[in-house]
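Please read the following briefing alongside the sequence and the three-dimensional view. It is arranged by topic.

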Amino acid sequence: MAASPQQPAASAPRRKVSRHRGEGQWAQGHFTPLNGNEQFKKDDDGLNVRTRIETIYSQRGFDSIDPNDLRGRMRWWGLYTQRKPGIDGGKTAILEPEELDDEYFMLRVRIDGGRLTTGQLRVIGEISQEFARGTADITDRQNIQLHWIRIEDVPEIWRRLEAVGLSTTEACGDTPRVILGSPVAGIAEDEIIDGTPAIEEIHRRVIGNPAYSNLPRKFKSAISGSPLLDVAHEINDIAFVGVEHPEHGPGFDLWVGGGLSTNPKIGVRLGAWVPLAEVADVHEGVISIFRDYGYRRLRNRARLKFLVADWGAEKFRQVLEDEYLGRKLTDGPAPAQPVQRWRDHVGVHRQRDGRFYVGFAPRVGRVDGTTLAKIAEVAEAHGSGRVRTTVEQKMIVLDVEQDQVESLSSALESLGLTVSPSSFRRGTMACTGIEFCKLAIVETKARGSALIDELERRLPQFDEPLTINLNGCPNACARIQVADIGLKGQLVLDDDGNQVEGYQVHLGGALGLEAGFGRKVRGLKVTSDELPDYIERVLRRYLAERADGERFAVWAARADEEALA
């Protein structure tokens, strides 16, 4: 019952008022660390941990590592502790970090723009064989990850990588991560503009720079002038997409605020056209906004996408122009829709110089050190000194003369790396999974590889473009929400009531065409063992019910739930 207006205010019930601490935005004067991550970053810049690794930890061993370095700052140099073997997915969220930690590391080699020489690839392969038990995974961010790394070996690994121009600097952590780039930049016949100079300039200004080494969370960048939209620009914190301005010529359309994980958001256009010479300036402005205005109070709201969602595109552009660039940006057009579904560059394609590039598909990004070294050898034997990684966990050999294409393709096939893969081999991606990842709940790499074999056997004539993405946890490293069939790992009950590995299913996600997130069918969860049966059943229904030329994602959006179950 409301109090009478004549009643003295003093007699009203007193409410406890807590002072709002803000969102931890530095630009608003909120410098007090609000969580453990912000505290250890304030205590010491993550870049400084390298000296301790080289002079203390590699000399004294794993047990000498400070916990804030072990599970925090070492990420600034591409190092994560990997999951201790034998811990099932049901314990992932229960055990303490030290109980999940193995005494070995994942090491992420940073490959900006996916650009590698054959000499660099050979060195990665040799490091894998000597220090990583032969492991190597091509990621969907163009990096290569190694496992089973001992802290004692890290300085020597760095020495070998840096001797050939590679590094692990800020490959992880609350930092500017690898800069995605079109793997066919500078060579593709249909390229609008080559973004390579911008990638190089951004790297020079930003990577390893203490001015940008303490961000609220990770910051993901992408630059491509390909009309195939081949860097997943919609789900990066910042992306520059090649466009032709009717008055100013080729340049880039600016996008900000994309990202997946448990709160997925498609990036938004700022409506600005950026010439090549100004890309690094604009990138530096956006990353500075993130550093200064980004939310630091809660880790799960610390990505740039939340700030963009709250501000909107108009305010974000205004702050960028007024406070950071000191000039107005030029309005510009949106990118055109790509004419192809596949944008992984797999197959044989003519370059603008008359030579060819040859793209091939490892299984779910998994290779090994011996294979990497052999890829370098095969490429060189056929006259190439350059290879590229893609954002679809694929690889490309550049600069192949026409009379060498068939021989190169055969040599790659002999390594199990097909140039003409099935839709299932070509379109299936998987994250690291429970084998090595401390966040994972289920297996992914082996499951994805076995799924490819089973679907090829059951549906040998299926040739529609299709993406199947497997993720070991909700964090969407394998982009489950934007796949035709996205599989989010979790524990489910089988028919006998036993808790087993399985997946929540997302259907009809897409990038590049009509970008959007997949549909979740209420209550639909599939055990790992049931996965081939389920996907076969859905694909057969798609083939039977689709309209002429209808993509799977479009059919899945309109299909009855019964057809998707």
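This is a predicted model: local features need pLDDT of at least 70, side-chain atom pairs count only at pLDDT 80 or more; totals for chains, interfaces and linings use all residues.

Residues are numbered from 1 along each chain as its sequence is written, and side-chain values use heavy atoms, with hydrogens and water left out.

**Helix packing**

- Helix α2 (residues 49-60) packs against helix α6 (residues 154-163) at an angle of about 135°, the axes lying 9 Å apart; helices are DSSP runs of H or I with at least four residues, strands are runs of E with at least two, and both are numbered from the N terminus.
- This angle makes α2 oblique to α6, given that angles under 35 degrees count as roughly parallel, over 145 as roughly antiparallel, 65 to 115 as roughly perpendicular and the rest as oblique.
- Arg 50, Ile 53, Glu 54 and Ser 58 of α2 meet Val 154, Pro 155, Trp 158 and Glu 162 of α6, where contact means heavy atoms within 4.5 Å.

**Aromatic rings and charges**

- There are 14 aromatic pairs, counted when rings of Phe, Tyr and Trp (its six-membered ring) have centres within 6.5 Å, with planes under 30 degrees apart called stacked, over 60 edge-to-face and the rest tilted.
- Trp 311 and Phe 316 form a tilted pair, because their ring centres are 6.0 Å apart and their planes stand at 55°.
- Tyr 104, Trp 148 and Phe 436 are linked into a cluster by ring pairs, and the charged end of Arg 133 sits over the ring of Trp 148, 3.8 Å from its centre.
- The charged end of Arg 50 likewise sits over the ring of Trp 77, 4.9 Å from its centre; the criterion is NZ of Lys or CZ of Arg within 6 Å of the ring centre and within 35 degrees of the ring normal.

**Helix α10 and its cover**

- In helix α10 (residues 313-325), the buried residues are Phe 316, Arg 317, Val 319, Leu 320, Glu 321 and Leu 325, where buried means under 20% relative accessible area, exposed over 50% and partly exposed in between, with a 1.4 Å probe and protein chains only.
- The cover over these buried residues includes β9 (249-256), β10 (268-274), α8 (279-293), α9 (304-311) and β11 (330-331).

**Positive phi angles**

- Gly 326, which follows α10, has a positive phi near 70°.
- His 345, although not a glycine, has a positive phi of about 65°, and His 345 counts as buried at 5% relative accessibility.
- Val 364 lies in the loop between β13 (356-360) and β14 (366-368), and its phi is positive, near 45°.

Notes
Axes are lines fitted to C-alpha atoms, for helices over the stretch in contact, and angles run from 0 to 180 degrees between N-to-C directions.
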